[in-house]
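Hello,

Here is the structure for your files. My notes on it follow below.

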Amino acid sequence: MEMRITLRVDGAQHEVTVDTRTTLLDALRDRIGNYSPKKGCDHGQCGSCTVLVDDRRVTSCLSLAVAQDSRDVVTAAGLSDEGLHPVQQAFVDTDAFQCGYCTPGQVCSVVGMLDEAGQGAPSHVTEDLDAEVELTDEEIRERMSGNLCRCAAYPNIVAAIRQVRDSAPADREGARP
Ligand code: FES
Ligand code: FES
């Protein structure tokens, strides 16, 4: 069965007809031609397909495109209109990638994760649920554990997140479409 849906991707409106079984990842790549989110495992296990849907991080290989009808999807390519988003810049500054295949998913995940932590959402390793979330290295690793990097750039990815964590709040938000 096919359905016509509207997806707003990186600020642009797209009307596409998709089979109801089509994932958001396949709709983005195969129908809209947005190759920023990468297909790694296609099973929700590597995080390379992570995008933001209505500001929350989502593994797009596990989401049906029809479930995202009329929602706002942001990929790593659409995080900033001018220059690099602060999270992208931090990845460059700290050399947080090698082949770069996982990087768009990592970057989207960091943006979503910082929002979650900023709103006080606890993680599996948060000890005091009443205190403000402190993004220690342990918290960063736990919150980013859904994003794998086969090049093992993890130490520099954590360093990139520390750089953004320690920047001024206004700089941290960057420019979103
Ligand atoms: S491709 Fe989606 S989690 Fe691996
Ligand atoms: S930089 Fe190569 S998979 Fe992460």
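The side chains of glutamate 116 and arginine 57 form a salt bridge, with 2.9 Å from N to O; the term stands for a side-chain nitrogen of Lys or Arg within 4 Å of a carboxyl oxygen of Asp or Glu. This is a predicted model, in which local features need pLDDT of at least 70 and side-chain atom pairs count only at pLDDT 80 or more, while totals for chains, interfaces and linings use all residues. Residues are numbered from 1 along each chain as its sequence is written, chains are lettered from A and ligands numbered from 1 in the order in which they are written, and side-chain values use heavy atoms, with hydrogens and water left out.

The protein chain splits into domain 1 (2-74) and domain 2 (86-167), with bounds from an automatic or database domain assignment. Domain 1 gives 14 residues to the contact and domain 2 gives 16, where contact means heavy atoms within 4.5 Å. The centres of the two domains, taken over C-alpha atoms, are 22 Å apart. One salt bridge is counted between domain 1 and domain 2.

Arginine 31 touches Val16, Thr17, Val18 and Asp26, leaving aside residues up to four places away in sequence. A polar atom of its side chain lies 2.3 Å from the backbone oxygen of threonine 17. Arginine 31 is partly exposed, at a relative accessible area of 41% (buried is under 20%, exposed over 50%, partly exposed in between; 1.4 Å probe, protein chains only). Its C-alpha atom is 36 Å from that of proline 155, 124 residues away along the chain.

Regards

Methods
A polar contact is a pair of N or O atoms within 3.5 Å; within protein, one must be able to donate a hydrogen and the other to accept it, and residues adjacent in sequence count only if both atoms are side-chain atoms.
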